[in-house]
There are 2 protein chains.
Amino acid sequence: MLLRIDVNSEETLYSQLSNQIKYGIARGYLMPGEDLPSVRGLASELGINMHTVSKAYATLKEEGIIIINRSKGVKVSDEVLISRDDDYGKIFDKKMTELIAEGLCNGYDKDQFMNKANQLFDEIGGK
Amino acid sequence: MLLRIDVNSEETLYSQLSNQIKYGIARGYLMPGEDLPSVRGLASELGINMHTVSKAYATLKEEGIIIINRSKGVKVSDEVLISRDDDYGKIFDKKMTELIAEGLCNGYDKDQFMNKANQLFDEIGGK
DNA sequence: TCAACTGTTATAGTGTTATTATAACAGTTA
DNA sequence: TAACTGTTATAATAACACTATAACAGTTGA
């Protein structure tokens, strides 16, 4: 899977990386159990520092989305897309509430929110 | 409207403030045209610095959600909840895509996403 | 066994951001 | 004039983001 970063973005580099990997998994570009590039390899490929990649991987590991093995490397979790972490429930609620509130402040009512969600799920290909 | 901040939160103080104000508007606690506390008054009330409040207000002004008048003070935009800023469309798409992707990685499929959205809109009271 | 690869840890430097603290400025209003 | 608005400027501290080296420990293949 192709990963890109924009050094001029306001979003931090490691956040760009982790978001792209999450999107790749959701989209099916990355399959459960699939290997990810090594921290050194990806850093070299992207022209950034090893630790920046390591931090992105560390956050994904913290969320249970990838599995890191000290000697074997990094891969997508086998149970991702299936198992739900209960601790994530509150985080998800808070993020969606913020999106709904901000959307309402910008003229997105419930119908428009739902239509946009439907459209984006179609694009991603989620059932 | 009651505003609170948690200095131990990972979220920045000004981000907490702006999110709560957006939620207050969405929820109807704050009405279009309604006055907001002065930067000094709110800072004093919350026990934080004037500039931190000022930054929260500045970001909300940037998003067109509040109106700042150098001498009259701060108030909620009159057209908030109605008018849509076209520039916000891309931001909204990106944020929702990220939420969908992250949700999918944590076991939230489309049905669960939609159900949660319905539930939260009911709680907020959006039509 | 040796070399090459994994992620991890440590240390250090630089630049940016978040927050606080004062102070002054300019416009409005009673 | 006095008291209130937001704004701007300056400075200090702390935390964060990113980079640069270097070393460590486990695994794997030649």
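N19(A) sits in helix α1 of chain A, where helices (H or I, at least four residues) and strands (E, at least two) are DSSP runs numbered from the N terminus. N19(A) is buried, at a relative accessible area of 17%. Buried means under 20% relative accessible area, exposed over 50%, and partly exposed in between (1.4 Å probe, protein chains only). Apart from neighbours within four places in sequence, N19(A) is in contact with E11(A) and E98(B); contact means heavy atoms within 4.5 Å.

The model is predicted, so local features need pLDDT of at least 70 and side-chain atom pairs count only at pLDDT 80 or more, while totals for chains, interfaces and linings use all residues. Residues are numbered from 1 along each chain as its sequence is written, chains are lettered from A and ligands numbered from 1 in the order in which they are written, and side-chain values use heavy atoms, with hydrogens and water left out. Chain A averages a pLDDT of 94, pLDDT being the predictor's confidence in each residue, from 0 to 100. In chain A, 98% of the residues score at least 70. Helix α1 (residues 13-27) of chain A has the highest confidence, at 98. The lowest is in α4(A), at a mean of 95.

L42(A) lies in helix α2 of chain A. With 2% relative accessibility, L42(A) counts as buried. Leaving aside neighbours within four places in sequence, the contacts of L42(A) are L3(A), L17(A), P37(A), V53(A) and Y57(A). L42(A) and A117(A) are 75 residues apart in sequence. Their C-alpha atoms are 32 Å apart in space.

Chain A is assigned two domains, domain 1 (13-76) and domain 2 (86-124). These bounds come from an automatic or database domain assignment. The C-alpha centres of domain 1 and domain 2 of chain A are 26 Å apart.

L81(A) lies in the loop between β3 (73-76) and α4 (86-105) of chain A. Its phi is positive, about 80°, although L81(A) is not a glycine. Most residues other than glycine have a negative phi. L81(A) is partly exposed, with a relative accessible area of 36%. In chain B, L81(B) is found in the loop between β3 (73-76) and α4 (86-105). Phi of L81(B) is also positive, near 80°. L81(B) is partly exposed, at a relative accessible area of 36%.

Chain B superposes on chain A by a rotation of 180° with 0.0 Å of shift along the axis, at an RMSD of 0.0 Å. The two copies are thus related as by a two-fold rotation axis. In chain B, M114(B) has the C-alpha nearest the axis, 3.7 Å from it. The same surface serves both copies, as 100% of the contact residues of chain B recur in chain A. Superposition is by least squares on the C-alpha atoms of residues with pLDDT of at least 70 in both copies.

Two DNA strands, C and D, are described next. DNA strand C is surrounded by 22 residues; a residue is near a strand if one of its heavy atoms lies within 4 Å of it. The closest are L13(B), Y14(B), H51(B), K55(B) and S71(B). Of the atoms of DNA strand C within 4 Å of the protein, 64% belong to sugar or phosphate and the rest to bases. A polar side-chain atom of R40(A) lies 2.8 Å from a base nitrogen of DNA strand C. For R40(B), an N or O atom of the side chain is 3.3 Å from a base nitrogen of DNA strand C. V39(A) places a backbone N or O atom 3.3 Å from a phosphate oxygen of DNA strand C. Two or more residues each come from α2 (39-46), α3 (50-62), β2 (66-69) and β3 of chain A, and from α1 (13-27) and α3 (50-62) of chain B. The largest share of the surface near DNA strand C is that of α3(B), with four residues.

DNA strand D also has 22 residues around it, and L13(A), Y14(A), H51(A), K55(A) and S71(A) come nearest. Sugar and phosphate make up 62% of the atoms of DNA strand D that come within 4 Å of the protein. A side-chain N or O atom of H51(B) is 2.8 Å from a base nitrogen of DNA strand D. The side chain of T52(A) has an N or O atom 2.8 Å from a phosphate oxygen of DNA strand D. A polar side-chain atom of S38(B) is 3.1 Å from a phosphate oxygen of DNA strand D. Near DNA strand D, α3(A) gives the largest share of the surface, four residues.

How values were computed: Polar contact = N/O pair within 3.5 Å; in protein donor to acceptor, adjacent residues only side chain to side chain.
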